[in-house]
Amino acid sequence: MDFRSLRVRILILFLLSFVGVGGVVALGLAGSLQRDVESLLARQQFAFVSGLAEELDQKIKLQIAAMERVAPLIPPIGLDDQKALTAFLENRFGIKGFFEGGLIIVGVDGTVRAEAPALGRLGRDLAKLKGVDSVLETGRSLVGEPYFDPALNQPAVAVAVPIRDGGRVLGALVGTATLTQSNFLGRLVEQKVGETGGLYMVSPKSGLIVVSTNKERIFTPLPRRGANRMLDRYLDGEEGSGVTVSSVGIKELTSARRISSTGWVLVARLPAAEAFEPISGIKTRLVVALAGLGLVSLGLLWLVLRAALSPLHRATGRIQAMVDGTSPLEALEVSRVDEVGRMIGAFNALQAKVATADVALRDREALYHALFRGCKAVELLVDAADGRIVDANHAAEVYYGWTHEQLLSMRIWEINILDKAAIAEEMRKAKSEERDHFDFRHRLASGEIRDVEVWSGPVRVTGRQLLYSLVHDVTARRQAEREVRSLLAFRRAVLDGAGSTIIATSIDGTILLFNPTAERWLGYGADEIIGRVTPAILHDPGEVARRATQLSEELGRPVEAGFECFVAKVLASGKPDSGEWTYVRKDGGRFRVLLTITALYDDDGELSGFLGIAQDIAARLSVEKELKRSNAELEHFAYVASHDLRQPLRMVSSYITLLQRRLGDLLDEDCQEFIGFAVDGAKRMDHMITDLLEYSRIGRSGTAPETVSLDEVVRLSLGNLGALIQEHGATVTIADGLPEVQGNAVELERLFQNLISNAVKFQAKGRPPHVEVECGATPDEWIISIRDNGIGIDEAGQARLFQIFQRLVGQDEYPGTGIGLASCRKIAEHHGGRIWVESLPGQGSIFRVALPISGGAGGMV
């Protein structure tokens, strides 16, 4: 047989079989795929539009319900009060955001009684506005049909609910929403279907397109009947999907669902060119089909070769005997000089080379075992067909905790915690070399789960297709990555949610960070600001220059009127610096802020930049201004009240005393007692007015805080109380080294005088008063304690002890006005401190006053 002729026949037969069978299978697969893809996409698109339609229906119903809850809040008697109605609408923040066209209140005659915002619709007759007339007639809430609103100069739709007085309809609350912007229907105009498709919603009743992804089609008439057959069926009430040609000649896959609350139809459209693009996958199926056909063709080819190459059969038997070991390795006899003879001769030569290669192979196998077993990295050989572990090195035994024999008896899914199907898919990818790097979680013999990184790929060993796997433990790294991601997410949440502007700069003032609050307040986008140098764009140049001059005098060195004037004090003191500044918006507007600058340092402690956090203090400044005015009025009132109230009291007391002297013995004992009560009450009222006046003046002395020695203050207080201490036979001891604080000496003297006098005055019967003044400290506060052995205070009394006019004992037992301890608390808080009591009834009390160790004046208001 001629070898060349044999090759030609084999090639022709193979090509004919492959092309014939492959063509038939390819055509069948293409048709099947076309139908499958069209059906699948239709179901998916209808499910999408159905879900969206139900969501829109719920939104519309919820919006109507929200307006129905608002409508009863409109007082029926106020429908003629335009100002009250306008104020009512402006305060409806909950629903205003859904209606860009504003809110309207119309009377039963359809005329506009109030609107917000003001767009010139007052007095206009809206009775014929689509939907409003029906609400006024039937008293039922509804969403009207689309209409062109001249006040908004664009198409809109109205949501109207009745305003009732009992069962009578007095008017309607109307919300108007523009159709070209996001409204109570959500962001429907921004929805897309696929890459080139979109949505549109039509009103069968008005024959208009309500909203559309293509904004140019909003409020346009529907195509004429017959121009789009699927749209005609949807308008007739059908719901579902289908392929149609649009009114502009584009073949589309469309799906539609009706919205029950309005009767509108929501339609999703996707051009067929994009929808059926996945059919390109038919090529893959064809390749698979052709591969199968190739196998069939190869089978046919094998039959031909078997018949044509029978002379090789005998030689093959001899070779097999050598392979089986039943015959020694020897050269085959060459009895022919044709292709078969040359093949046997080539085999003989190959056998000689194989013998040489066998020696080299054994050497390489020894080297492989040395490298594989001795490698410090964890290595596994896995059979991709059944997941069995074929081999494992010593490092794998140490890492996993199983012996070599145990590992070789296991399947890979006994180590990898993924399910079998997922593992099989990952091995398929490694075998086909789609991927070579994997992230898994492996189980050790101890039960511990570890994160691992695996490098894997195919390797053929003794005719078997295996997978090698190099395993690296990355548990610590994964944990660190999770912590970093969590930290970054936290940082982003802080920056995005902060109610203050946050701006970070490099050392030279180049802006590196500009948070969303800064964007909202200043009107700049972060991309406009980042990379620029502050303060030129955000600050008033005049204010910056004045600040530079002030700092130059304060620090005793020149400070430039630029970025340096923001950070000079931070660099000089090493502490954050706060101050009031004026921010200039992009539109030229200005507002005052409290800006705090903090230095940033890297891990080596080197300065890396600065962080500025600003708070809008416009509201605070307004409150402070109003507070100053109120305080001035209060002080004036207190002065007038003290003068005008005390004068009549003195007159009453004086005339009663004169009456007592003039009548003398003519008064009986009861009258004398009554007059005594009246005089005593007038005196106590006078004392109370005096104490109230002093209480109202606490914190409004107008003097700046100064350094006050508490030792001197306490001793002055004892001097003022000398007569009281002597009268009660009291002893008072003062600890040495009372500290100095920042504050008002007069107020602090009054504080300790009140506390010591109370400690002396409220003495237990049969027990001389003993008072101790002590001092302690925490890292931030001085704690001054006034300890006594008096009557003590129960738990209920301690809860209201520092409230004004609160007396815990009778006036006949211990005189007083009930203002002293309230004044003590006010003085302590005015100095940035606090006051409390620790006491047991019958065992005495300890009053403690905490004052800041430093910066105490900063707490004074």
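In helix H20 (residues 710–720), the buried residues are Leu 710, Val 713, Val 714, Ser 717 and Leu 718, where buried means under 20% relative accessible area, exposed over 50% and partly exposed in between (1.4 Å probe, protein chains only). These residues cover an arc of only 140° around the axis, which puts them on the same side of H20; the arc is that of the directions from the helix axis to the C-beta atoms. Glu 712 and Gly 719, on the other side of H20, are exposed. The model is predicted: local features need pLDDT of at least 70 and side-chain atom pairs count only at pLDDT 80 or more, whereas totals for chains, interfaces and linings use all residues. Residues are numbered from 1 along each chain as its sequence is written, and side-chain values use heavy atoms, with hydrogens and water left out.

The protein has 24 helices and 29 strands; helices (H or I, at least four residues) and strands (E, at least two) are DSSP runs numbered from the N terminus. Of its 861 residues, 40% are buried. Among contacts (heavy atoms within 4.5 Å) with a separation of 6 or more, 52% are between residues 24 or more positions apart.

Helix H2 (residues 82–90) has Leu 85, Thr 86, Phe 88 and Leu 89 as its buried residues. Seen down the axis of H2, they fall within an arc of 160° and so line one face of the helix. The charged end of Arg 92 sits over the ring of Phe 88, 4.2 Å from the ring centre; the criterion is NZ of Lys or CZ of Arg within 6 Å of the ring centre and within 35 degrees of the ring normal. Arg 217 has its charged end over the ring of Tyr 200, at 5.4 Å from the centre.

Leu 89 is also among the residues with the most contacts inside the largest nonpolar core, together with Ile 105, Leu 173 and Leu 266. A nonpolar core is a set of buried Ala, Val, Leu, Ile, Met, Phe, Trp, Tyr and Cys residues joined through side-chain atoms within 4.5 Å. This core has 49 residues, and helix H1 (residues 3–70) gives the most to it, with 12 residues. Not counting residues up to four places away in sequence, Leu 89 touches Lys 96, Leu 103, Ile 104, Ile 105, Ala 114, Glu 115, Ala 116 and Leu 173. A second, separate core of 33 residues includes Val 713, Val 760, Ile 784 and Ile 793.

Six aromatic pairs are present. Rings of Phe, Tyr and Trp (its six-membered ring) pair if their centres lie within 6.5 Å; planes under 30 degrees apart count as stacked, over 60 as edge-to-face and the rest as tilted. Tyr 399 and Tyr 400 form an edge-to-face pair, at 5.0 Å centre to centre and 75° between the planes. Tyr 400 counts as buried, at 1% relative accessibility. Trp 521 and Phe 591 are likewise edge-to-face, at 6.1 Å and 90°. This pair links distant parts of the chain, with Trp 521 in helix H14 (residues 516–522) and Phe 591 in strand E21 (residues 590–601), 70 residues apart.
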